[in-house]
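This report walks through one protein chain, from the whole fold down to single residues. Please keep the sequence and the structure open alongside the text.

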Amino acid sequence: SRQEVQQQAIAVRVHHSARPMGCSQAKADAPDDAPVELPAEASLPSEEPPTEQAIDLDVRLCKVGCGRPVQPGLTRRGNPFDTCCRSCVLNPGLGFHDKSCGGAVCAEATEVGRSACSKGSRCRNRTEEHLAEEAHPLDQDYASGCAKAGVTPEALSLKVIFDWADADGSGKLDREELKSTFEIIKGICKDHMPDISDAAWKSLDEDGNGVLNFMEFASWAGPRLGLPLGLQRMMHHSGSMGTSVPCQVFGCPCESYEEGRSGMCSCCKHKKTVHLSKLSDVGEDVPFPDYWESTSGTFHNITDLHEAAIAEFQGVFDRTHLGKWTRDRTKHNPTNPRVPKGYKVVAVRRNEHSNNWRTYGYRRAELLTRLHEEAREDPIAQFTDVKSIVALREVWGARADRLAEECNEWYLFHGTHHENAKKIMTNDFRVGCAGENTGSLYGKGLYFAESVTKADEYSKPDQNGIYSLLLCRVLGGRVFHTDVLEPDPEELVRSCISGRYDSVCGDREKCRGTYREFVLFDSEDAYAEYEIQYTRVY
């Protein structure tokens, strides 16, 4: 009956209007000729469910599922519109709409609307004049402004909100920046959100470095806003996370196919067809390395590597050993401050931790995207002479290409004790605990070395006299290089925490003839992938 049809239509529209934020919808084609509008402040959804009197069975509804009528008229191709407005198409299921949605005309609308800013959420021009002249991703007229300006619009996501809050472009949020965006966040959430107390901020700042990186912000905002992360475009820049194509022959330690004679792998002599990617059907947002034993789901495995891998890491140790003494060796080895003549690798374990790897992968993708966008006006200096990387290229060959040179991604050593190594591989690094064993010449951060001899200064033996080092993937990004004898640690920390830099290179090799150290101030910039156990040779 007509009454039953009306009741079904009411139920459909009420269901879609009550859809929770963040619910995924298939995107539809945006109206090509949506009316333009005057600049307006960001409008957050506050629509009441439609009543029976509001239903017109002859009106076609938006195919996104919002329950609103479609835009009247035809597209440039002559087809009727099947969506209500551009904002609904850009952010399906979130309840955001243009003021001209469904053909409505605002009382204050004129023939001229403003264009969108081409820099979107990464715009750093926050003057009142600029914000009035051009629309940005949190403005109601942003989608139509993008169409007018010919700009690709950014869908609302946690990353868009984070980038907008990051007014200085440092890639991190301090407490004041978060407060400045808090009203927008509360408006999107629509529920009461308490102010950020000291205790709440401490909980948010997981690694204790005084600022929030994107993943710390997303862990807090995600459950409250229900928005997507917004990392798809960034993963495009990060490629495949340096995955390789390992040999699938049972027991073969070959981690990557290298072209040899007659199509055979030059490393293991097996044919190319048995070197298969295990990630082809997994569909991970952050793909796990192909040479790992686990490549999907949630897991934490410590894998003992074969004798061939031990021999390879022995080669890396030999190539990065330097017979140079520093005061740190005496400080941390008071009973035997002599510099070893060499080292003997006795075991290598690979840390396969899904959650820590995803966190690192998101951070890597974010860093690659930011540096890519800044490259035209302010390219970074690439450190291609890092000794550990040079050694790995000589030993691994093509497998060393798994790193992203464009964002200064390196493998570096971190000296520690076996028990601490296990804790780091399980729980990740923590900046709040940094400097307790290594000092703080360049500020309180995470210290890494390109030379095994420098990292060995901080290593401690177990009850059997076996020492441990971690070989970590490290994101250097934009590096603050310093070769002064007495650096200002506060300046270095500030330049990375709230400034334009991501890490510090303390060059004592240049000013003292000893070693270079690399310092991070964000635990998500490092992933402890290998624990290498060894003995000292005198």
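## Overall fold

This is a predicted model. The protein has 18 helices and 9 strands. Of its 538 residues, 52% are buried. The accessible surface is about 25100 Å². Carbon and sulfur atoms account for 49% of that surface. Sequence separation is a further point. Take the contacts between residues at least 6 apart in sequence: 72% of them join residues at least 24 apart.

## The α11 and α14 pair

Helix α11 spans residues 307-320, and helix α14 spans residues 387-396. They pack with their axes 9 Å apart. The angle between them is about 140 degrees.

Which residues make the contact between α11 and α14? From α11 come Glu312, Phe313, Gly315, Val316, Arg319 and Thr320. From α14 come Lys387, Ser388, Ala391, Leu392, Glu394, Val395 and Trp396. By type, the contact residues divide into 6 nonpolar, 3 polar and 4 charged.

## Helix α4

Helix α4 covers residues 142-149. Its buried residues are Tyr142, Ala143, Ser144, Gly145 and Cys146. What do the buried residues of α4 pack against? Their partner is α2, residues 86-90. Gly150 follows α4 and has a positive phi, near 70 degrees.

Ala365 sits in helix α13, residues 354-374. Its relative accessibility is 0%, so Ala365 counts as buried. Val286 is 79 residues from Ala365 in sequence. In space, their C-alpha atoms are 9.0 Å apart.

Phe182 belongs to helix α7, residues 182-189. Its relative accessible area is 6%. The cut-off for buried is under 20%, so Phe182 is buried. Ile196 is 14 residues from Phe182 along the chain. The C-alpha atoms of Phe182 and Ile196 are separated by 9.2 Å.

## Loop residues with positive phi

Most residues other than glycine have a negative phi. Asn408 has a positive phi, near 55 degrees, and is not glycine. Asp428 is not a glycine either, yet its phi is positive at about 75 degrees.

Where do Asn408 and Asp428 lie? Asn408 is in the loop between α14 and β3, the latter being residues 409-416. Asp428 is in the loop between α15, residues 418-427, and β4, residues 446-449. Are they buried or exposed, Asn408 and Asp428? Asn408 counts as buried, at 1% relative accessibility. Asp428 also counts as buried, at 17%.

## Loops on either side of α12

Lys324 lies in the loop between α11 and α12, where α12 is residues 327-332. At 27% relative accessibility, Lys324 counts as partly exposed. Beyond four places in sequence, Lys324 touches Val339, Gly513, Thr514 and Tyr515. Val339 is 15 residues from Lys324 in sequence, and their C-alpha atoms are 6.9 Å apart.

Pro340 is in the loop between α12 and β2, where β2 is residues 342-353. Pro340 is buried, with 2% relative accessible area. Which residues does Pro340 contact, leaving aside neighbours within four places in sequence? They are His321, Arg329, Asp456, Arg536, Val537 and Tyr538. Trp325 is 15 residues from Pro340 along the chain. The C-alpha atoms of Pro340 and Trp325 are separated by 9.7 Å.

## C-alpha pairs side by side

The table collects the residue pairs described above.

| Pair | Separation in sequence | C-alpha distance |
|---|---|---|
| Ala365 and Val286 | 79 residues | 9.0 Å |
| Phe182 and Ile196 | 14 residues | 9.2 Å |
| Lys324 and Val339 | 15 residues | 6.9 Å |
| Pro340 and Trp325 | 15 residues | 9.7 Å |

Methods: Residues are numbered from 1 along each chain as its sequence is written. This is a predicted model: local features need pLDDT of at least 70, side-chain atom pairs count only at pLDDT 80 or more; totals for chains, interfaces and linings use all residues. Side-chain values use heavy atoms; hydrogens and water are left out. Helices (H or I, at least four residues) and strands (E, at least two) are DSSP runs, numbered from the N terminus. Buried means under 20% relative accessible area, exposed over 50%, partly exposed in between (1.4 Å probe, protein chains only). Axes are lines fitted to C-alpha atoms, for helices over the stretch in contact, and angles run from 0 to 180 degrees between N-to-C directions. Contact means heavy atoms within 4.5 Å. Ala, Val, Leu, Ile, Met, Phe, Trp, Tyr, Cys and Pro count as nonpolar, Asp, Glu, Lys and Arg as charged, and the others, Gly among them, as polar. Accessible areas come from the Shrake-Rupley method with a 1.4 Å probe; for residues, only the protein chains shown count as cover.
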